[in-house]
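Please open the model in the viewer and keep the sequence at hand.

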Amino acid sequence: MTLTGTTERKGYSLPGLAWGCVLWALFCVAMVIVRGVRWDEDFEFAQVFLRQVVLPDGHPVLRYVRNAFSLQTYSTAALLWGTNDSLTVCGLRNFLFMAATVLPVFLMGATLGRRVIWGNFAVLFVLFGLHLEFDGSYPQFIWPDQFSNGHIGTGYALLTVFLLLTERRVAGYFLLGMMPCIHIGQWPPVLALGALMLLNDVV
């Protein structure tokens, strides 16, 4: 299944998608400014990684930080090491949390609905939290909740699916290959989709 050519339809142009992404990204910045920077879970992991917070051996958080290869944790630790400023680190993570909420949903909504307006409606649906009733066994959150890792992983997965469905194969498969470093728990279903699409391309 692909959606080639849909970007040429009325109301669903590449400039329309680009402007939509810009406006929703500005919305994310405005939300963080208006509501204020909130504590982020990866800031805690970064503190442990840099030994700014000392935990006893065997502590679950210490074991996670040491053994889980996560670019989210490592990049946050690098930013904390470079800035030594909790406001900068948590502010950026808050922005990423919001961006992972709205941008992939906007792109997927516009793609599946064949019009940019449906992408905007999809974002509003998520911002109102209507999807939280269907989160199943894996909890979903809306910023300003502090648990951002899984949510950013979900946004990353949706962005990967968007790229694959719209035949942006190189970018899609690149993100698919990097996904275990972002959130490995959400990788298997996206990997299965990528494998099926690759098989379809080859056959």
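The model is a predicted one. Begin by selecting Leu17, Val102, Phe106, Val123 and Val190: of the 27 residues in the largest nonpolar core, these touch the most other members. Next, colour the elements that give two or more residues to this core, namely α1 (14–35), α5, α6 (116–127), α7, α8 (169–183) and α9 (187–202). Which element gives the most to this core? It is α5, with eight residues.

Leaving aside residues up to four places away in sequence, Val123 touches Trp24, Val102, Val105 and Phe106.

Then display helix α5 (residues 86–113) together with helix α7 (residues 149–165). Their axes come within 8 Å and cross at roughly 30°. Angles under 35 degrees count as roughly parallel, and α5 and α7 are therefore roughly parallel to each other. The crossing of the two helices is left-handed.

Finally, show the side chains where these helices meet. On α5, select Arg93, Leu96, Phe97, Ala100, Thr101, Pro104, Val105, Leu107, Met108 and Thr111. On α7, the contact is made by Asn149, His151, Ile152, Gly155, Leu158, Leu159, Val161, Phe162 and Leu165. How many residues of this contact are nonpolar, polar and charged? There are 13 nonpolar residues, five polar and one charged.

How values were computed. Residues numbered from 1 in each chain as written. Predicted model: local features only at pLDDT ≥ 70, side-chain atom pairs only at ≥ 80, totals over all residues. Heavy atoms only, no water. Axes fitted to C-alpha atoms, helices over the stretch in contact; angles between N-to-C directions. Helix = DSSP H or I, 4+ residues; strand = E, 2+ residues; numbered from the N terminus. Parallel < 35°, antiparallel > 145°, perpendicular 65-115°, else oblique. Left-handed = near helix turned anticlockwise from the far one by under 90°. Contact = heavy atoms within 4.5 Å. Nonpolar A, V, L, I, M, F, W, Y, C, P; charged D, E, K, R; others polar. Core = buried A, V, L, I, M, F, W, Y, C linked by side-chain atoms within 4.5 Å. Buried < 20%, exposed > 50% of the residue type's maximum accessible area, 1.4 Å probe, protein only.
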